[in-house]
Amino acid sequence: MPDCAHVVNRTGEAAGKAWFFDLRGRSWAVAEFREGEAGARVHQSGPRRLWDEVEAAVAWWVGRGRPGVERFGLAVGPDGLARSW
């Protein structure tokens, strides 16, 4: 998710809040997880629907077999351009 930062605040073993912030705008989203609840309460605001983007990114990752972090990288060529793989 380009230009997005996130922070997770844990309040227990399976409880806490996951915050997402648009670094170039005023959009934000928060998912609140509670002990004993299967889902999360989600709130988001701003023109960029960050939680919708999170869900799409997770679906993309799951659809490709949940690859580990070692399957992703960044290379910088002699032209100075960065390319992700």
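This is a predicted model: local features need pLDDT of at least 70, side-chain atom pairs count only at pLDDT 80 or more; totals for chains, interfaces and linings use all residues.
Select Arg48, in the loop between β4 and α1. Residues are numbered from 1 along each chain as its sequence is written, and side-chain values use heavy atoms, with hydrogens and water left out.

Stay on Arg48. Its relative accessibility is 16%, so Arg48 counts as buried. Buried means under 20% relative accessible area, exposed over 50%, and partly exposed in between (1.4 Å probe, protein chains only).

The side chains of Arg48 and Asp22 make a polar contact at 3.4 Å. Such a contact is a pair of N or O atoms within 3.5 Å; within protein, one must be able to donate a hydrogen and the other to accept it, and residues adjacent in sequence count only if both atoms are side-chain atoms. Beyond four places in sequence, Arg48 is also in contact with other residues, including Met1, Pro2 and Glu53. Contact means heavy atoms within 4.5 Å.

Next, select Leu50 in helix α1. Leu50 counts as buried because its relative accessibility is 0%. Among the residues it touches, leaving out those up to four places away in sequence, are Phe20, Trp28 and Gln44. Then pick Arg10: its C-alpha atom and that of Leu50 are separated by 20 Å, with the two residues 40 apart along the chain.

Turn to the strands. Select β2 (residues 15–22) and β3 (residues 28–33), which pair in the antiparallel sense over six bridges. Two strands pair if DSSP finds at least two bridges between them. Find Gly16, opposite Phe33 in β3. Five residues make the hairpin link from β2 to β3.

Look for Val30 opposite His43 in β4. Six residues lie between the strands in this hairpin, and Gly36 there takes a positive phi near 80°.

Last stop: Trp61, in helix α1 (residues 50–63). Is Trp61 buried or partly exposed? Trp61 counts as partly exposed, because its relative accessibility is 32%.

Conventions
Helices (H or I, at least four residues) and strands (E, at least two) are DSSP runs, numbered from the N terminus.
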